[in-house]
Amino acid sequence: MKKTLYITIILTSSIWSSCDFDDVLTEIPKDFQSPENSFSNIRDFESSLANIYLTIRTDMYANSDSWQNFDMLGVDIDYAASRVDNDTYNEYFYWNTLNADNGFVSKWWERLYDWVYQANVIIARAEGEEVQWDTEEDKNKIIAEARFLRAFAYHFLANLWGGVPLILEETSGPKFDYQRASQTQVYEQCKTDLEYAVQWMKTVDEIKGGMAPRAAAYHLLSEVLISLGDYNGAVEAASMVIDDPNFKLMTERFGRFADFSFNGYDYQGSYDSWGDVYWDLFREGNFNWQDGNSEAIWNVQFDQAMLGGGNVGQWGGNFGLERWWAPGWWGIKDIDGVSNWLKDTLSGRPVGALSATEYASQTLWEFKDDWDNDIRNSEYNIQRTYYWTNPESAFYGQPVTLENIGDPSSFYSRTAPYFKKAAGCLHYNQFQDSQSGQGHDNGRIYKDWYLMRLAETYLLRGEAHLLNGNITAAAEDINVIRNRAQASLVAPDEVNIDLILDERARELYMEEFRMSTLTRLNKLSEYLMKYNPAVIQNGYVLDEHLNKLPIPRSEIEANKEVMMEQNPGY
């Protein structure tokens with residue numbers, strides 16, 4: 001026994017004395033994915049890029065089933081308000097007391113830095129010796145796409161907060177000494193990333209729907225260069241998209257529902273041809289360049305029939321743009337107590353949590369007396385009159401009015417203008433209305449959605465021309481958009497930054513990230529005072545510090561080794 005024991009001790013001692021303890025103790029997984037083995041070939045990197053796209057889609061549109069989910073799109077700013085009744089509004093930001101503990105600022109700070117983190121992992125791991133690249137070009141294209149997505153995150157951070165910490169390497173452990181770069185430095189980093197991206201990213205004809213093409217990098221570069229004051233460069237970047245033969249504005253009816261017919265919002269009478277080219281832009285199956293839409297640059301993807309495609313399950317997923325942005329006209333009762341009926345075609349089942357502001361629904365369309373000319377304001381694209389749809393109502397087939405609605409205090413929220421971008425033609429009938437018997441999808445829509453569209457590229461170039469003093473060229477770019485809309489053209493002396501913001505609102509309502517646009521231009525506090533109904537009603541006097549958001553208090557307190565300076569006014 002003693003001899004055996006001695007031999008065991010000697011052998012064991014020999015093993016430990018001849019090995020590196022760290023190597024012995026380091027676990028290298030062989031049969032499951034881990035940080036050590038997850039990036040070995042191009043498929044691994046493509047999967048990681050897909051996850052960033054999924055994260056962007058979720059954060060921007062499908063994180064939760066609530067109207068607050070769309071807070072970057074102009075909610076409680078100048079586009080839409082949460083209306084309780086005719087005269088009362090829910091506040092979301094509480095602009096007069098906005099501070100560093102606000103949930104919006106911490107939510108988006110964390111989300112945007114998550115995008116940065118994911119991009120940094122890809123950029124760093126792509127240079128690893130263990131990665132098996134077929135070609136150097138394959139590696140460069142992966143890095144370019146990740147750098148575009150990193151710039152996409154940082155341009156929001158710079159627009160919303162100004163100077164923020166620049167993190168350009170993969171974070172591998174706790175760090176408590178982050179320092180804010182200046183806003184200019186953040187934009188310069190975006191420029192550097194995007195200049196690399198436009199060299200290597202795939203063109204739109206080489207990719208699948210949902211991926212960002214090279215044109216998306218040029219589009220974003222144009223905006224970033226405007227922010228840096230390089231207006232000639234911004235014009236050149238936008239022109240790389242506008243002059244690309246792959247892209248052009250859609251000017252004629254197209255796509256899956258070009259022959260759609262409808263019997264109108266009273267749901268009576270014969271079915272007639274319905275829609276126009278602007279309406280077609282927002283129909284299911286029409287969003288992607290691959291679907292024949294040459295105006296589409298970059299979209300998020302929703303596909304009910306695909307695993308992971310969104311809008312599946314009992315409640316139909318969380319892309320509830322129609323549910324939250326459209327009025328609940330179907331749930332009203334007339335003065336006799338008779339309930340209206342839900343009619344699903346071009347309606348869905350919205351709940352009316354958000355109402356278009358007077359600015360978005362009225363003021364914009366009065367410009368140049370174009371109310372009846374601008375197709376974006378046509379009955380196809382904005383519904384303003386609602387009808388009693390229950391045959392048992394004494395008012396069946398008649399418009400809903402203040403005089404015949406049972407609860408007049410709900411009239412304006414229940415019959416607010418309904419931007420038909422949100423409405424769907426295609427329904428999966430996951431639910432059935434108990435009164436009308438018609439199927440509906442509980443306000444969910446089964447559409448992709450635009451992140452970038454060529455119309456916005458024209459408006460960015462117009463903005464760059466304006467700021468560069470070339471108002472004639474600015475008017476020409478704006479008029480490309482207005483001409484498609486059959487609206488009156490603008491003269492050069494009419495062009496200013498407010499006109500461009502108005503045109504963005506007319507063209508890009510529910511598409512552009514209005515919060516980011518207004519903070520980028522230092523116009524947020526001004527537009528809140530001019531157009532936000534709660535701000536106006538409450539008589540808030542807001543100063544310019546609101547043009548940048550507060551750094552979340554939690555971030556400042558966690559950064560305990562270096563004092564992170566708060567934005568002025570907070």
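I began with Arg111, which at 10% relative accessibility counts as buried (buried means under 20% relative accessible area, exposed over 50%, partly exposed in between, with a 1.4 Å probe and protein chains only). I noted that this is a predicted model, in which local features need pLDDT of at least 70 and side-chain atom pairs count only at pLDDT 80 or more, while totals for chains, interfaces and linings use all residues. Residues are numbered from 1 along each chain as its sequence is written, and side-chain values use heavy atoms, with hydrogens and water left out.

I then looked up the partner of Arg111 and found a salt bridge with Asp59 at 3.7 Å, N to O (a side-chain nitrogen of Lys or Arg within 4 Å of a carboxyl oxygen of Asp or Glu). The two are 52 residues apart, with Asp59 in helix H3 (residues 42-62) and Arg111 in helix H4 (residues 103-125); helices (H or I, at least four residues) and strands (E, at least two) are DSSP runs, numbered from the N terminus. Asp59 is buried too, at 7% relative accessibility.

Next I checked Arg147, whose salt bridge with Asp193 has its closest N and O atoms 2.7 Å apart. Arg147 belongs to helix H5 (residues 136-161) and Asp193 to helix H6 (residues 183-200), so this pair ties together parts 46 residues apart in sequence. I found Arg147 buried at 16% relative accessibility, and Asp193 buried at 0%.

Finally, I recorded that the structure holds 36 salt bridges.
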